Amino acid sequence: MLARVANNLYWMGRYIERSEHVARFMHVNYFSSLDAPNEHSQKRQFVLRSMRFMVGDPVSDPNEVLDEEQLLYNLGMNPDIPYSIISNVQWARENANSARDLISTELYEAINKFYHFVLNYDVDLFVKRGLYDFCVNITEMTTILRGKIRGTLLHDEVYAIIMMGMNLERATQIIRIIYTKYNDVLLARGVTGTEDAGQSFEWVTLLKCAESYDMMRRFYKKAPNTSSTLEFLILNPDCPRSVINSLNQITKHINVLDQSKNPKKDSTAFLVEKVRADLKFKYVEEIHEDIRNFIETKLNDLVNIAQKMEKEYFNY
Amino acid sequence: MITTNNQIFASYQKDPTLFDEVFDAQGEVREVYEKLFELYGNHTISNYVQLNNKAKASFFNQGITFQVYGEHETKEKIFPFDLFPRIIGPAEWDHIEKGAIQRSRALNLFLWDIYHEKKIIKDGIVPLELLSSSANYLHQMFDLDPPGGIYNHISGTDIIKHADGQYYVLEDNIRCPSGVSYVVCNRTALKRALFGVFNHCQAHTVTNYAENLLEILESVKPQGVDIPNVVVITPGMYNSAYYEHSYLAKAMGVELVEGRDLFVENDFVYMKTIKGPERVDVIYRRVDDLFIDPLEFRPDSALGVPGLFAAYRKGNVCLANAPGTGVADDKAVYTYMPEIIKYYLDESPILKNVHTYHCNRPEELRYVLEHITELVVKPVDESGGYGISIGNRLSKAEIAAVKEQIKKEPRKYIAQPIMSLSVHPTYIDESESFEQRHVDLRTFTLLGKDKEFVLKGGLSRVALKKGNLVVNSSQGGGSKDTWVLKNDQGPC
Amino acid sequence: MPLDYVVTYRAENHYDTLVNRAVWQFLIIPEDNDSQELVSVDFENSLGVPVQHSVNGLGFTTLQLHPNVPFSDVRFRATFKVMKQEVNPFDFIPLEDPSGGYRQIESLELKAQFEPFLRVTPYTRLPDDRQELYIFDREISVFDNLLALNQWVYRHLFFQSGITHIDTTLKEVIESRQGVCQDFTHLFCGLARRNQIPVRYVSGYLHQGNGYFGDSQMHAWAEAYVPGVGWIGFDPTNDILAGSNHIKVAHGKDYGDCSPLKGVIFAPGNNRTSHSVEVTAQQAQQ
């Protein structure tokens, strides 16, 4: 496979995954805030700020009043904002275009439909009444895309590259979402002063943002707290959204690309194993001790993996 | 006997001066269309509109579109497609196919000759000025033997049916003829919308083009290579024919590369893959020859690969079509096609050329001046439709002016009879009915080492504006699926 | 008696931004032909990149370099040893009847054979109002006409570096009457082709020891096809026939086919290039 095309497929995977997480985060947060148990979490400004934090564009001025429609537009449908859903979808399609000969007709058609759906969505409807409909459609369409990727592509290098992109992005987004909600909990605590039901509420939202709430309930059979939420979303290998699960996937796919028994120490495969091993043998208590540090370290690890891949496989 | 209880043709108007592909001079349905006509007759107009919309959606979702750049936004549009196919019977097709192969072979021999001994020039058959004035007559190709002796691996021949019911060739395209992907898409769309009709009609498949193309490309592999690595090179995804490039690469199962994916090392060509360099043996180029190598041709080209020509010259890679093929893809060379066919093959042309009068020949000049109202006068050295005078559309004063011009510099002009393209019933959105529209036919011919192939089908291009003779998609033309029937048993 | 020459070609390129990828092609190696023998080639570059030998579209050997380390400055030095035979350019038997030469020149056979060298190219295009600048005298032979043209160009232009550059048209050269060897040669080519004589632009090295014009750069002259004889070199910059002091590298339709260094740089920004050439001679040790 051409290095340039591999790079494009990798990014196609990342953009598809990213658009899903942004969409889910937006609507889950927004709608769960409406009946939040504490007043602070109910505040619209609080929710909007949380969204900006999640996409990596936090609001620094505490007095700034955010305009809801403008913010929703920017995150969802503003093509001039790089983190907007529409930008992600556009880039996903652009990258698919340049690898059109390698992906299946079915996958391409699905991406194309996805793109036209976003492009033709009524902006006015979206900012006033369409948030739920739009976001749910996005998440459903990304599920279709995932199905087409799994079901209509040969599980060879092309597939491995796309899956590497998707899983790296998933791990990144889950960590970002954890970070955002952790931040929300701190802010909520700052107002209420206690670790209470309000906090548990934010953890529920977090799990829902990662589509993992039902799985978590089934596994722990009680309401989530800080510890169980982090353990589930970071360390539980059976949770398909957990960070360790993504790393396991990445390991599996890098082994398709790099079939050497003992990967060289400057290879991507080596680094992936190293990052995975570090996480695999972590206690949740260690994470809990210094969450911020943990998050920064992991995000950094993921960036390093991406850079290594770029150097090793996408050099053109 | 077909009658007009046929709903969707109830309002069809026939201009008796035009050759209608479906109806004969008596207004009866031609034999090859009988079955189809009957089947389509079962549809109401609203049925038909629905099917047409479905077909359009199919193109749209497959991303077979072109961009229209507006002030605020970029819109994607599909190439207009008409559900009523064009049908060509086996005997008629046989004639077209033989003619297309004959032209391809003759052009290949012509190219070999003008890049080697130049006999046809020295024998005074084709004037030297024709070549020396062409920017595509590449000095670099002199005395170079392309692998397998093939220059024009891929050609597209534009054919029309004149009012006399005969086929005429309008143009031979041997640079980078495009359109074959639309042939396949049209067929797919028609099958999706009207699969039922295929149960009644035995039309040849068109999906075998890619496998034949790959075989042709593999047949001209460099010496010493067992299984050649074939690639398609494209200018990139913003090129208007990018869909076709990706379609061909995918259908052949080969890589679609851009110039930046390739590099040359010690006169061998490699592509940059995730596992390092991989050698490339045959390149189907969809980049114009003057852009393929900035060290040899246009130095400002960012689409090419530095050193590619040296690798080609050394025989380490094959380029299809060969560089310098464009010299024969020329209006002026076209006018010599009958002579070229005769000279190299000692045959008469199977497909007619539109007769051309060379004003530098005194007796032909006299004819042109006397019959100017029946002729199209073209300057030999202009392209893109510049300086063309259509005799029956000129005022008296204009005629006098054109005559003066020709007399002053007769060798600068040629003249041809005004050709009338046949018409085909075509569904028109605005009037929600079928109307006559002019069509042409682009056929696709492949030439390899000991192998030749003509795609049984082709791109029937339709001029959607009433009375318009220009079928190009850039001018708002559409297209139709084209069926070549398998045998004479039973009309369709 | 053969002459031993040592030719040193130097070039230095500076790029304003760091370049990650580049391809250079040098057309500077003396040709191996009847009158000269290439004894050795030595090529060095400051990046230490291995050099590759290739052949360009017109059949001349080139040197190619594909650096794969980032750089912004690079120096090249090539040294060639060439053994040149003593050449007497007048050593041929001219056709007895001058008109025979013109008949050949006008034959389709010859025109077709040498078509590229009769082309009017951007570098050799005469301005519309100067088409009649130099018309051959049909009473004397083709060769004598070419000799006269050689002298005419030599007298019409004044050798002056720094006035013209590689994009200067013949129109400007004819008007300013100044230029360097490329301009002299292009004018000679344009006028000879106007008189239907096939002419090739030649690039090479000139041994300047004898006070010839040149400017420590690659030299240019022309080869014209003389019926019954073949290609003969004319050096209009010096009003001489090409001989033992001329070391040929390549020929083509004009400078565009012979430019000594072509580069494809995958980086934005400007660059500066400087070249120099040095030719030293000694009588071959027999």
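Chain A of this predicted model has a radius of gyration of 20 Å, taken over C-alpha atoms, which agrees with the value near 20 Å for a compact globule of 316 residues under the rule of 2.2 Å times the number of residues to the power 0.38. The C-alpha trace of chain A spans about 55 × 45 × 35 Å along its principal axes. Local features need pLDDT of at least 70 and side-chain atom pairs pLDDT 80 or more, while totals for chains, interfaces and linings use all residues. Residues are numbered from 1 along each chain, and side-chain values use heavy atoms, without hydrogens and water.

Chain A contains 15 helices and zero strands, assigned as DSSP runs (H or I, at least four residues, for helices; E, at least two, for strands). Of its 316 residues, 59% are buried, that is, under 20% relative accessible area with a 1.4 Å probe and protein chains only. Among contacts in chain A (heavy atoms within 4.5 Å) with a separation of 6 or more, 68% join residues 24 or more positions apart.

Between the two chains, 28 residues of chain A are in contact with 26 residues of chain B. The area buried there is about 2400 Å², of which carbon and sulfur atoms give 48%; buried area is the accessible area (1.4 Å probe) lost on putting two parts together, summed over both. On the chain B side, Asn61(B), Lys250(B) and Ile274(B) lose the most area to chain A, together 29% of what that side buries.

Definitions and conventions. Chains are lettered from A and ligands numbered from 1 in the order in which they are written. Buried means under 20% relative accessible area, exposed over 50%, partly exposed in between (1.4 Å probe, protein chains only).
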